[in-house]
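Take a look at the fold below before reading on.

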Amino acid sequence: MAAQKLRDLWDADQASLQPLDQTGWTSIDAQMDKMLKTFGIDHSNPPMSPAQQEKELNTLLTDMG
């Protein structure tokens, strides 16, 4: 799943990205968590609707851009 891969890459790069901008990291990390929740990744809830997944993913991508 692409969302799982994105999470894995994000976590793998934390040590190099977080020191560059702690505030930015915290903001994007929180948005990443909201997106992962819609897919049921790292959360106990089942995946949410595709529309909710797309909404949170688009918000994350906008914030990262």
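What follows starts with the helices and then turns to the side chains.

This is a predicted model, in which local features need pLDDT of at least 70 and side-chain atom pairs count only at pLDDT 80 or more, while totals for chains, interfaces and linings use all residues. Residues are numbered from 1 along each chain as its sequence is written, and side-chain values use heavy atoms, with hydrogens and water left out.

Start with helix H3, residues 22–39. Helices here are DSSP runs of H or I with at least four residues, numbered from the N terminus. H3 has 18 residues. From its first C-alpha to its last, H3 reaches 26 Å, close to the 26 Å expected at 1.5 Å a residue. That expected span is 1.5 Å times one less than the number of residues.

Which residues of H3 are buried? They are Trp 25, Ile 28, Gln 31, Met 32, Met 35, Leu 36, Thr 38 and Phe 39. Buried means under 20% relative accessible area, exposed means over 50%, and partly exposed lies in between (1.4 Å probe, protein chains only). The arc is that of the directions from the helix axis to the C-beta atoms. These buried residues pack against H1, helix H2 (14–17) and H4.

Now turn to helix H1, residues 2–12. Its buried residues are Ala 3, Arg 7 and Trp 10. Seen down the axis of H1, they fall within an arc of 65 degrees, so they line one face of the helix. On the other side of H1, Ala 2, Lys 5 and Ala 12 are exposed. The buried residues of H1 pack against H2, H3 and H4.

The nonpolar core comes next. A nonpolar core is a set of buried Ala, Val, Leu, Ile, Met, Phe, Trp, Tyr and Cys residues joined through side-chain atoms within 4.5 Å. The largest one has 10 residues: Ala 3, Trp 10, Trp 25, Ile 28, Met 32, Met 35, Leu 36, Phe 39, Ile 41 and Leu 60. H1 and H3 each supply at least two residues of this core. H3 gives the most, with 6 residues.

Contact means heavy atoms within 4.5 Å. Leaving aside neighbours within four places in sequence, Ile 28 is in contact with Trp 10, Leu 60, Asp 63 and Met 64.

How many aromatic pairs does the structure hold? It holds 1. Rings of Phe, Tyr and Trp (its six-membered ring) pair if their centres lie within 6.5 Å; planes under 30 degrees apart count as stacked, over 60 as edge-to-face and the rest as tilted. The rings of Trp 10 and Trp 25 have their centres 4.1 Å apart and their planes at 0 degrees, so this pair is stacked. Trp 10 lies in H1 and Trp 25 in H3, so the pair ties together parts that are 15 residues apart in sequence. Trp 10 is buried, at 10% relative accessible area. Trp 25 is buried as well, at 6%.

A salt bridge is a side-chain nitrogen of Lys or Arg within 4 Å of a carboxyl oxygen of Asp or Glu. By this rule the count is 4. Arg 7 meets Asp 8 in one of them, at 2.8 Å from N to O. Arg 7 also bridges to Asp 11, with the closest N and O atoms 3.6 Å apart. Arg 7 and Asp 11 both lie in H1, 4 residues apart, about one turn of the helix. Arg 7 is buried at 14%, whereas Asp 8 is partly exposed at 37%. Asp 11 is partly exposed too, at 41%.

Another salt bridge joins Glu 56 and Lys 55, whose closest N and O atoms are 3.9 Å apart. Glu 56 is buried at 7%. Lys 55 is partly exposed at 49%. Salt bridges that share partners join Arg 7, Asp 8, Asp 11 and Asp 42 into one network.

Finish in helix H4, residues 50–64, at Gln 53. Is Gln 53 buried or exposed? Gln 53 counts as buried, at 14% relative accessibility. Leaving aside neighbours within four places in sequence, Gln 53 is in contact with Thr 38, Phe 39, Pro 47 and Met 48.
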